[in-house]
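Here is a short briefing on a protein model. Please look over the sequence and the structure first.

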Amino acid sequence: MVILVAYSVWFYPFELAFLAPSHHRGLYLVDVVTDLFFAADILLTFFVAYIDSKTNMIVYDSRRIANRYLSTWFVMDVASTIPYQALYLLFTGRQQVWSCYSLLGLFRFWRLVRVEELFKRLEKNIKFNYFAVRCFRLSCVALFSAHCAACLFFLLAEENHGGKTWIDDFAKYGDETNIWLRYTVAVYWSATTMTTVGYGDLRAENTRERIFITGYMLFNLGLTAYLIGNMTDLVVESARRTMEYRKSIEVASTFVNRNCLPRRLEEQVLAYMSLRFQAERMNQQRFIEELPKSIRRRVCRHLFLPAVQQVYLFKDVSIGTLTSLVSKLRAEYMPPREEVILRKEGPDEVYIIVSGEVEIVSSTTTGGESRLDGLSSGDMFGEAAALCCTPQRFTFRTKVLSQLLRLKTAMLLEAMRINHHDSVTIINNFLRVSITIYISYSANPV
């Protein structure tokens, strides 16, 4: 239907302006077939459900559908579908290009509403690039406006019998009987006028042409404002995130310099501000929290349950307890060399590594640092202090960009209190691994 609309609204002004009456008879059949498609679409519209704007519910009642269509778009759809010129030829047997019947054919432009609806759907469809769709839409508006103006300008000259017109010196462009050459020259004039260039090689030669060109130039003021405004919005929107990023980094740099923060702390502040923008699309926690509780639980189970089941602490724990835990997890990204847990910090949270690497750092007697071990995807840290209710013994620091699942210690202990059997399983898993690590360190002390 959109292809038929494009043919109808593009070819109709071209047909009026550039084709002789002898060429129209063969096109009447094509126009009638096109109108039959639109007539069939009118009939089908009486059986298409719609969404009520007040209740936001889908209406299936055929009577309400018919009443709504009859009171809104039906009259204009019918007016744009009637083949006026074919009926004029049928009843009079005469072919006349420029007449009141031709003016009635302008109702075809009502069909452009369908194209507008198509572009709105494409702009909302994430499968298509929004910038590309908007640019294509604006290009179609500009080209269609230039096409219609060119056809109308040429038609005014053709209908001015015996008077001087702008096509009097058409011979300098070539064969004046060539339809496509005539169309090209008319579009050339339309484009130069639309872009406010106006070289002056094609100009108005009589009062009618001057009036039309004046109106066209005034119309172009609005069209140019529309095109430039939309293109500006697209460019500004694409650059908005970059400007926000630069401003946030500038604010952070000013804060760091004003307060003379240490070099290490300065790097951490700037790294966090940079990561907040770079990983915003990957950070899914904010979106998850906006979902209803039932959907959020299912989404968290799909996303986090496989990672939690890999952790040694939750081996052989029931699905019910794990499902309760994953709905309380918070996913976040940490930049490289970010200290997730500090030594002697309270046992507030437990972390599970989804991706990335985390190193375990211990303080030496000389005040330096000693790296004990590295953790990767599927490992957990912070659980020893949480289960033993003691301060953290080590510092845990990310080595690369890492995605972590964070669980409050209170929520873990609450889940253990609710299910005694799972509580025993978690404690046994912890003790088994702790004894293994103790034996390993005793045999090979750091």
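**One turn of a helix**

Tyr 216 and Phe 219 are three residues apart in helix α10 (residues 207-259), so about one helical turn separates them. Helices (H or I, at least four residues) and strands (E, at least two) are DSSP runs, numbered from the N terminus. This is a predicted model: local features need pLDDT of at least 70, side-chain atom pairs count only at pLDDT 80 or more, and totals for chains, interfaces and linings use all residues. Residues are numbered from 1 along each chain as its sequence is written, and side-chain values use heavy atoms, with hydrogens and water left out.

**Chain overview**

- The protein chain averages a pLDDT of 81, and 86% of the residues score at least 70. Here pLDDT is the predictor's confidence in each residue, from 0 to 100.
- Confidence is lowest in helix α6 (residues 100-104), with a mean of 63. It is highest in helix α3 (residues 62-70), at 91.
- The secondary structure amounts to 17 helices and 10 strands.
- Of the 446 residues of the protein chain, 36% are buried. Buried means under 20% relative accessible area, exposed over 50%, and partly exposed in between (1.4 Å probe, protein chains only).
- Among contacts in the protein chain with a separation of 6 or more, 71% join residues 24 or more positions apart. A contact is a pair of heavy atoms within 4.5 Å.
- The accessible surface is about 26800 Å², and 62% of it belongs to carbon and sulfur atoms. Areas come from the Shrake-Rupley method with a 1.4 Å probe; for residues, only the protein chains shown count as cover.

**Aromatic pairs**

- How many aromatic pairs does a search of the whole structure find? The search finds 25. Rings of Phe, Tyr and Trp (its six-membered ring) pair if their centres lie within 6.5 Å; planes under 30 degrees apart count as stacked, over 60 as edge-to-face and the rest as tilted.
- Tyr 69 and Phe 74 have ring centres 5.6 Å apart and planes at 80°, so this pair is edge-to-face. Tyr 69 is buried, at 5% relative accessible area. Phe 74 is partly exposed, at 24%.
- Tyr 216 and Phe 219 form a stacked pair, 6.5 Å centre to centre with 20° between the planes. Tyr 216 is buried, at 5% relative accessibility. Phe 219 is partly exposed, at 43%.
- One aromatic cluster is formed by Tyr 7, Trp 10, Phe 11, Phe 14, Phe 18, Phe 154, Trp 180 and Tyr 183.

- Helix α1 (residues 2-18) has 17 residues, which at 1.5 Å a residue should span 24 Å. Its end C-alpha atoms are 24 Å apart, in agreement. The expected span is 1.5 Å times one less than the number of residues.
- α1 bends by about 30° at Phe 11, and Pro 13 follows within four residues. The bend at a residue is the angle between axes fitted to the seven residues ending there and the seven starting there.
- The buried residues of α1 include Val 5, Phe 11, Pro 13, Phe 14 and Phe 18.
- Helix α9 (residues 179-194) has 16 residues and should span 22 Å. The distance between its end C-alpha atoms, 22 Å, agrees.
- Among the buried residues of α9 are Arg 182, Tyr 183, Trp 189 and Met 194. Thr 196 follows α9 and has a positive phi, near 60°.

- Thr 34 is in helix α2 (residues 21-45). It is buried, at 6% relative accessibility.
- Leaving aside neighbours within four places in sequence, Thr 34 is in contact with Leu 4, Tyr 7 and Arg 111.
- Ser 80 lies in the loop between α4 (74-79) and α5 (84-92). Is Ser 80 buried or exposed? Ser 80 is buried, with a relative accessible area of 4%.
- With neighbours within four places in sequence left aside, Ser 80 is in contact with Phe 107, Arg 108, Trp 110 and Arg 111.

**Cysteines with positive phi**

- Cys 260 has a positive phi of about 55°, although it is not a glycine. It is in the loop between α10 and α11 (263-278). Cys 260 is exposed, at 65% relative accessible area.
- Cys 389 also has a positive phi, near 55°. Its loop lies between α15 (383-388) and β9 (395-398). Cys 389 is exposed, at 59%.
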